[in-house]
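Please load the model in your viewer and keep the selection panel at hand.

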Amino acid sequence: MENPIPTILDAQIQSEVIYAELKRLAAAHMRRERGDHTLSATALVHETYLKLAKSNLDWRSRAQFFGLATSAMRHILIDYANAHRAEKRGGEWLKLTITGAMSEIDKIAAEVHDVLELNEALLTLQQIDPRQARVVELRFFGGLSIEETAETLNLSVATIKREWMTAKVFLKRQLNT
Amino acid sequence: MITNKTNQADLWRRAKEVLADALVLPSAERPDFVMTRCKDDAELKIEVMSLLSHAKNSTDFIEAPALESIHGRRAEDVTFAQDKKYVGARIGAYILSGEIGRGGMGVVYRAMRADGAYEQQVAVKLLKQNFASDKDTRRMTRERQALAQLNHPNIARLIDGGNLDDGMPYLVMEYIEGTQIDFYCRTNNLSMFDRIKLVRQVCAAVQSAHQQLLIHRDIKPANILVNTEGQPKLLDFGIARLIDISRDANQTQDMLSPFTPRYASPEQMRGERVSVATDVYGLGLLLYELLAGASPYQRIASGDVSTASDAIEVVLADPLRRASEVARASTAARSDISGGNSDFNMLNGDIDIILLKACAKLPSERYQTVAQLDQDLQRWLEGRPILARTPTWHYTFKKFVARHRAVSAMAVVAFAAIAIGVVSTISQKRKTEARYTEVRQLANSLIFKYYNKIQELPGSSAVRKELAAEGLTFLDSLAAESGSDKVLAIEIADGYRQLMIVLFNGHSLPHLGDKMGAASAAKKAYALLEPVIRKEPNNNAANGVLAELDNETGVILAQENPVEGLARIEGAIQRYAEILKRDPTNKDAAFKLVQTHFSVVASAMNSRLPAEKFTADAVAAFKQWLSNRMDEQPVQELNTLIVRTQFRQAFANKNYADALKYIDDEIAGLSKLLALKVNENSVVLQGHVNAAWAAKGVVLIDDNRAAEAIAALNKSSTQMKQMLAIDGGNVNTQLRIARNATHLGKALLLQNETKGAALAFGTSADEYEKLRGKDVPAYVYPQQAEALWRAAKANDALNENANAHRYANALILFAQERSNIFEKQPGQNWLIDAKAIAIKR
């Protein structure tokens, strides 16, 4: 018999699979992460990709995977930030976050706040310029480079640069006011 | 809604095209570019300019992906790869000469003054920041300014700081050459005593910072360097708060990963607020490791802990081992502490207790101040019993601090300051009386001043209650110490009195509704005052507190027993009066005497007793008080204003008697003011006096008292002329001289001295004429017209035709200039008269 799993899943199932795998990896990383090497979103996304590529799942393209993975990453990080904010006084999530120097806790709290604020600002941008918001999502939440972003969105590097540069100013204004 | 969103989207689409092109230009060229590009599109222009105003410092903004940001870390090697560009760069007055270290959050450079003004080497830290919002930058600046105030020989100074053009924050710090403290102890084979002494120096530095409400937050061996003179220098004070620099420059590597939280306090790990107790923990741990040669945590010491989360678990949960046991077990301790066994055998129960107390997991179980820790170390060195063993009254403070950490870090530090004060007060056996008093006052005022501040915090009533209780404990302990010190006894009595008000009071001041507690506090105050007043019935300070106490308790008493209550308050008034008899300069007693009068009035009214007499007494007391303050400038100035107003009202009502009384009052008041040294040469005040004399003259004319009027007016004019000699060109003075002459003429007319009057009117008209070309107030013109008219008339009556013609013609000319004056009475008639005189031959 042929493999019963269809080679091309519908987008919904794909993103659920990616989300679950990413979350598992991210949690594992955060728990075990030490100061001696950098935990990067890109690494996580790539790790997830490699992991899932070994399975029977298939994607139309690598770019499409990055697209889906980045959205998943954004969800994970926002969930994480929200949980962190809700449980500043302790709890599992807090322990999970503390991988660096402990005196950094105050700062982490501020940054978590910033990630949430940035997400808010990004939602505003999403309303008026969905494509540009997608660029930010890929770059900031997905950790993709300019080139990877261009590939994922099938746009020129120059366009992504322009979008990125102006989006940063837009978001900065949004955060500062 | 939809339209709005579409509009927004459209505006953004157009704006970002311009923005993208503008961003690649140097910032100076951007505005012109935008103006040209947007042409007449004002909306677009505004939008792009607004966006550009936020473009500053956006280079690094969100360049680090979210995951790295959340971790408080970034792919530092990527970004720091470009750091070489900073070597040779100029930052403020300094030129970076070379990298001396780098850590998770930044790179440290050695730097020299660029102007070569003097040889000064500094360390410059460039801090990596993920988000530098304007808010963060402002907060950092404030924080930095506070840290820059820190000036202690054992603390590396923060000299300067700011942001580079690209937004990167930097700190300029004192450059310290030295050896990390643990390494220093090891290589120099320091004895245990010397190690403790070294840490005590660090304690003193930290304590001095705490008194300025600054907490280090990151005390660890890597942050303490010992220089060649053996002086420890504390680095990075408060920097942990600014931005954590955990892997720091010019400090050697920890045994574990640089990110190991082995020196962070449990509360920091729990993400709770830090307080002075956090630094106590840091110092305790530092000393522990220096003495025992290993971490108090078994699993850390044995190297079983390799990850941060394991370390957290250990610090939060594992028990602390006794330092003496660790030292015995630790080979390191044996080999590197000089004196060998005999020395580390001295790590006995007391030092164990000190260290366990300093490193307790709960901040509330630690020494509440570094001073306390330091003091116990001193006691240990001197072989005296340590305080950690015996529970003392200040535990209550400690508990308070621990329980209310949430109120604010400020509160914690403020209370720590109280504790510091009190501890040094009680325990150091009053080293010097002056210092004792100073500390006592500090502690005393902190309690009650802080109480008021806390009132403003929402939901603070529980804290206030507790604070009142702490205040009581504090005072009780002081009272026990006061002995035969009567000054202290009076001061403590006053403390109890204040506490009483906090607990319950009969005025409308905030209180906690604890009448019993208030009564008990008052009772203690009376008990302290009684022996003092028995021995010294005329002690003003004691009587002052007693009077105040009688007033406070009298008001409460009057609510139930008006007769007794009122009698007691009146007794307080009497007491103040006696104080004032002995010391007439006692301003406080003078003020409170009046205030207490109003206590009587209010209590009588509250009890529905007739209060008219009390009110009259109170007003009289106030007036008496006021009259004694007349030599104080603001009082006198206001009084003068009131008198002047009353004068004008009386004069307008043609009540000459009152008007003259008021103007005499005014002259007297102004003269008092002029007598004050500061006002000796006041042109303004002298002008007021002269004007008052003139006003008096005017009243006297109206009252037909010509001779007195002339005297008053002459006095005014003489003084005016003297003033003019000093202050020539003062138009106001010249105008008054002119007007006075008119009045003088009128007074002379009353005496039928027509010649003198004509002369005076003529002088007046001439004086006004002198002012031609100068701007004068509008009310002057009719006065000038009147002077001309009177001069013309008076001279005409005397058949002084030449003069009469001259003034009549002048008036006719003046009427052409100021026609409005002559369109109505009396100007109309003046003009008719003048014309009649002018056509006479």
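Predicted model: local features only at pLDDT ≥ 70, side-chain atom pairs only at ≥ 80, totals over all residues.

Begin by selecting B:Arg644, B:Ala691, B:Ala694, B:Ala695 and B:Arg736, which are the closest to the centre of the second largest pocket among the 29 residues that line it. The volume of this pocket is about 910 Å³. Next, display α29 (633–652), α30 (656–675), α31 (683–702), α33 (731–750) and α35 (780–797) of chain B, each of which gives two or more residues to the lining. The largest contribution, 8 residues, comes from α29(B). Colouring the lining by class shows 15 nonpolar, 8 polar and 6 charged residues.

**Aromatic pairs**

Over all chains, the whole structure holds 9 aromatic pairs. Select B:Phe193 and B:Trp380, a tilted pair with 5.8 Å centre to centre and 35° between the planes. B:Phe193 lies in helix α8 of chain B and B:Trp380 in helix α18 of chain B, 187 residues apart. B:Phe193 is partly exposed, at 29% relative accessibility, whereas B:Trp380 is buried, at 9%.

Move on to B:Phe814 and B:Phe822: their ring planes stand at 90° with centres 6.3 Å apart, so the pair is edge-to-face. Both of these residues are buried. Then select B:Phe591, B:Phe622 and B:Trp625, which make up one aromatic cluster.

**Charges over rings**

Finally, select B:Arg818 and B:Tyr781; the charged end of B:Arg818 sits over the ring of B:Tyr781, 3.8 Å from its centre. For B:Arg806, the charged end sits over the ring of B:Tyr807, 4.5 Å from the ring centre.

Notes: Residues numbered from 1 in each chain as written. Chains lettered and ligands numbered in written order. Heavy atoms only, no water. 1 Å grid on protein atoms, 1.4 Å probe; cavity = no way out; pocket = protein on both sides within 12 Å on 5 of 7 lines; lining within 4 Å. Points joined across faces, edges and corners; volume = space filled by probe spheres on them. Helix = DSSP H or I, 4+ residues; strand = E, 2+ residues; numbered from the N terminus. Nonpolar A, V, L, I, M, F, W, Y, C, P; charged D, E, K, R; others polar. Phe/Tyr/Trp six-rings, centres within 6.5 Å; stacked < 30°, edge-to-face > 60°. Buried < 20%, exposed > 50% of the residue type's maximum accessible area, 1.4 Å probe, protein only. Lys NZ or Arg CZ within 6 Å of the ring centre and 35° of its normal.
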